[in-house]
Structures are given as structure tokens and as C-alpha cells.
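Visitor: I would like to learn how to read the features of a protein model, one at a time. Please show me the structure first.

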Amino acid sequence: FLRQPPIVGYILAGVVVGPFTPGITVGDPEQLALLAELGVALLLFTLGIEFSLKDLRRVRNIAVIGTPIQMLLCVLLGLGLGRALGLDWMASIWLGAALGPSSTMITLKLLGSRGLLGTLSSRVIIGMLIVQDIVTMAFMLILPYAGNLQGNWPQLAFAILRAVLFLGAMLFVGARIIPLLMKLVVRWNSRELF
């Protein structure tokens with residue numbers, strides 16, 4: 001009818017029934033948040049099927065170099081905008097960090113609905129979005145400690161170490177263990193199980 005992608009309707013429906021909109025609302029926002037997290041997990045699984053580390057290597061010059069530059073420029077923009085609005089420097093940096101990332105899942109869904117997955121431009125976009133997600137994770141780990149670095153160095157170092165270990169474990173499991181499990185499931189020749 002309006003020729004908009006379904007994801008726009010999903011977002012608008014979420015706003016309409018959300019807890020901060022008058023009228024009909026969701027009875028239990030915690031259950032809604034749980035369902036939303038489940039949906040994001042399933043979409044991330046789809047992203048994992050569509051995009052591999054080999055694909056990221058092919059677009060690494062743009063994704064690995066260009067994306068941090070883009071996000072740094074967004075942080076600087078947020079810093080300037082926040083300071084102009086009277087926010088302190090830490091809140092301004094948070095504003096810039098919030099401006100940087102795009103929604104990987106929404107972009108993936110839009111590319112899929114338009115039949116653009118698998119094209120070079122979609123690989124570049126998805127590669128950039130994955131790097132954005134990793135940089136955003138780094139922001140979320142570092143920024144809480146950035147306000148008072150003198151007393152927080154040990155906590156910051158431990159948080160970075162945990163993130164690196166977690167990311168390494170996920171890369172190992174995703175690259176080595178999950179493919180073996182998928183091959184095992186395929187051998188059982190059960191479509192439902194797959």
C-alpha cells in the first residue's frame with residue numbers, strides 16, 4: 001500500500017504498542033524485551049549464514065579502515081553537538097558513540113527484501129556494519145571507565161581482556177565448532193532438525 005519495507009511497519013508497530021505511547025500497550029515490557037532479544041538472536045544467526053570472515057577479508061580495506069574513521073567522525077560530531085547543547089564532555093562523547101553505528105539487522109533485512117544480498121555493495125555494507133558492531137562493543141566497554149581513568153585502569157583492562165577472550169571464543173566456535181555441528185545435522189538428513 002505505502003510501498004515501504006516491512007521493517008518500517010515493524011518499527012512503527014513497536015512504537016504504537018510500546019510502553020511510552022498512550023493507548024494500547026504491551027502488558028509486560030520485560031516479556032517484550034525478551035522476545036525482541038530472541039528476534040535479534042535469530043537475525044544474527046541469519047547474518048552469520050549470509051556473511052563469513054572470508055567475505056570480511058575481501059572488503060577489509062573499506063570495512064576495517066573506513067568504518068573506524070566514520071565512527072570517529074561521528075564521535076567528533078556528537079562531541080561538538082553535545083557541547084553546543086550544553087552537555088558535559090562525557091555525555092557528548094556518548095552522544096557521538098550513539099550516532100556512529102547503524103542497525104545491522106535492519107540493513108540486512110532491507111538488503112534481503114530487495115534481493116541485494118550477495119552483491120559486492122551489500123558485502124561492503126555488511127562488512128562495515130560488522131566492524132561497527134565490534135567498535136560499538138569497544139565503546140560500551142571503554143566509555144563507562146573513561147570518566148575517571150585514574151582509578152579505573154584495572155577494571156578497564158579486565159573488561160578489555162574479557163571482551164577479547166569472548167570474541168576469540170566466539171570466532172573459534174563460529175569458525176570451527178558450528179560448521180562441524182551443521183555437517184553432522186546434514187548427515188542425519190532431517191529437514192526439521194536442520
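Visitor: Which residues form the largest nonpolar core?

Guide: In soluble globular proteins, nonpolar side chains tend to be buried together. A nonpolar core is here a set of buried Ala, Val, Leu, Ile, Met, Phe, Trp, Tyr and Cys residues joined through side-chain atoms within 4.5 Å, where buried means under 20% relative accessible area, exposed over 50% and partly exposed in between (1.4 Å probe, protein chains only). In this predicted model, the largest such core consists of seven residues: Leu-56, Val-59, Ala-63, Met-71, Val-124, Val-131 and Val-135. Helices α4 (60-84) and α7 (120-146) each contribute at least two residues to this core, and α7 gives the largest share, three residues. A second, separate core has five residues, among them Met-90, Ile-93, Ala-97 and Leu-143.

Visitor: What does Ala-63 contact, leaving aside its neighbours within four places in sequence?

Guide: Contact means heavy atoms within 4.5 Å. By this criterion, Ala-63 meets Leu-56, Pro-68, Gly-127, Met-128 and Val-131.

Visitor: How many helices and strands does the protein have?

Guide: Helices (H or I, at least four residues) and strands (E, at least two) are DSSP runs, numbered from the N terminus. The protein has eight helices and zero strands.

Visitor: Is Ser-92 buried or exposed?

Guide: Ser-92, in helix α5 (residues 89-99), counts as buried because its relative accessibility is 0%. Beyond residues up to four places away in sequence, Ser-92 touches Gly-78, Leu-79, Gly-82, Arg-83 and Leu-87. In the protein, buried residues make up 22% of the 194 residues.

Visitor: Which residues make the nonpolar surface patch?

Guide: Areas come from the Shrake-Rupley method with a 1.4 Å probe, and for residues only the protein chains shown count as cover. Here Phe-166, Met-170, Phe-172, Val-173, Ile-177, Ile-178, Leu-181, Leu-184, Trp-188 and Leu-193 make a nonpolar patch of about 930 Å². Phe-166 lies in helix α8 (residues 149-187) and is exposed, at 51% relative accessible area.

Terms used:
Residues are numbered from 1 along each chain as its sequence is written. This is a predicted model: local features need pLDDT of at least 70, side-chain atom pairs count only at pLDDT 80 or more; totals for chains, interfaces and linings use all residues. Side-chain values use heavy atoms; hydrogens and water are left out. Patches are made of residues with over 30% relative accessible area and no salt bridge: like charges are joined within 9 Å, nonpolar side chains (Val, Leu, Ile, Met, Phe, Trp, Tyr) within 5 Å. A salt bridge is a side-chain nitrogen of Lys or Arg within 4 Å of a carboxyl oxygen of Asp or Glu.
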